[in-house]
Amino acid sequence: MTTCKRYFRNCNDFGICVNIGKKGYVLAEDPIERTTIFQYGIYGVGKFAKIFDPNYITFEGGKFYDVREYEKDNVVFEAQDDFFLIGFNKLDSYDWEGRLIDDDEKSLDLKSIYDQPRPVTHRCFIVCFDGNPIVNDKKLKRYDYAEVKYPKEYNIDLNGGVLGFFKKLC
Amino acid sequence: MIVPNILFKVISNDPINKSLVVKYCRENAQKFIEDYRSYNISYSNLDFTSPEALVESIRSIGTSIVIDQLNSEPILDENKSSGEIHSLDLDEYVGKIVSVTLDPTGDLNQIEL
């Protein structure tokens, strides 16, 4: 029998859903529960698509996916291998942008976001997806998160880990 | 958290002030219930609609007390953690005591940077 452990963790601004399962597992989500807008694969491979849509994307371990176009849709995932997926979910109507922090990104560039002629009200967060990245000398672990605020500076050492950067477009 | 079975013992009843003095402990406690501290409970916190409801209301007050008792029990020196192990190699865990904190909230862990 194929199985999957699913759980959800949240803060007031966003949620993290986690799916850890076996090869062959099929997961379907309806528009009400489909609030995932970014996805990161810790390991495994699986096909993901809107239901009845022949076009699919393949989730692979170690990669980050922008799945905003699948929000509030009927979607299906089929695991081609044992898998561990982490989803970034929105909890309200605000839009988000998201990406992984690059290996060569030794500090966060918040100036380009906030140093604008008109005040910017976006809020930015970092989320640890894997490993133990070090930010301002603090070692993070999976599911740790922090709101990062301009003009404070944030020095980053990914330390082999994976850190997501998310901007809430307020 | 799984709540253990609870024992309570009414030490005294004060109808004039409408209160009880009660001791609580978990059913499998390793001390006598007499050795635990007493709590004063107002009748206003109790449900007198039936005997079952009365017992349930006394139990309900005791749940957090018993969980606090459990959490405040001292750690035996022999059970103290050997420290954090960050490894997928099971051999590194052999013979060591690992302390794991349960996060019952389901919330993400916010870090101040």
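How many bridges join strand E14 of chain A to strand E4 of chain B, and do they run parallel or antiparallel? I started there. The model is predicted, and I kept that in mind throughout.

**Entry 1: between the chains**

I looked up the pairing across the contact. Two bridges join E14(A), residues 144-148, to E4(B), residues 109-110. The two strands run parallel. I then checked who faces whom. A:Asp144 stands opposite B:Asn109 in E4(B).

Next I listed the residues in the contact. Chain A gives 14 residues and chain B gives eight. On the chain B side, three are nonpolar, three are polar and two are charged.

**Entry 2: chain B**

I went through the elements of chain B. I found one helix and four strands. From the N terminus the order is β-β-β-α-β.

How much of chain B is buried? Of its 113 residues, buried ones make up 6%. I also looked at contact range. Among contacts in chain B with a separation of 6 or more, 34% are between residues 24 or more positions apart.

**Entry 3: helix H1 of chain B**

I took the helix next. H1(B) covers residues 51-71, which is 21 residues.

I then looked for a bend. H1(B) has a kink of about 35°. The kink is centred on B:Gly62.

**Entry 4: a sheet in chain A**

I turned to chain A and traced an open sheet. Three strands form it, in the order E13-E12-E15, with antiparallel pairing. Which strands are at the edges? They are E13(A), 138-139, and E15(A), 156-157, and each pairs on one side only.

I checked one of the pairings. E12(A), residues 134-135, is joined to E13(A) by two bridges. The partner of A:Val135 in E13(A) is A:Lys138.

**Entry 5: the nonpolar core**

Last, I looked up the largest nonpolar core. It has 33 residues. Which of them touch the most other members? I noted A:Phe88, A:Phe125, A:Ile126, A:Val127, A:Tyr145, A:Val148 and A:Phe166.

I then asked which strands supply this core. E2, E4, E8, E9, E11, E14 and E16 of chain A each give at least two residues. E11(A), residues 123-130, supplies the largest share, five residues.

Key:
Residues are numbered from 1 along each chain as its sequence is written. Chains are lettered from A and ligands numbered from 1 in the order in which they are written. This is a predicted model: local features need pLDDT of at least 70, side-chain atom pairs count only at pLDDT 80 or more; totals for chains, interfaces and linings use all residues. Two residues are in contact if their C-beta atoms, placed from the backbone, lie within 7 Å. Ala, Val, Leu, Ile, Met, Phe, Trp, Tyr, Cys and Pro count as nonpolar, Asp, Glu, Lys and Arg as charged, and the others, Gly among them, as polar. Two strands pair if DSSP finds at least two bridges between them. A residue is buried if 20 or more other C-beta atoms lie within 10 Å of its own, exposed if 12 or fewer, and partly exposed in between; C-beta atoms are placed from the backbone. The expected span of a helix is 1.5 Å times one less than its number of residues. The bend at a residue is the angle between axes fitted to the seven residues ending there and the seven starting there. A nonpolar core is a set of buried Ala, Val, Leu, Ile, Met, Phe, Trp, Tyr and Cys residues joined through C-beta atoms within 7 Å.
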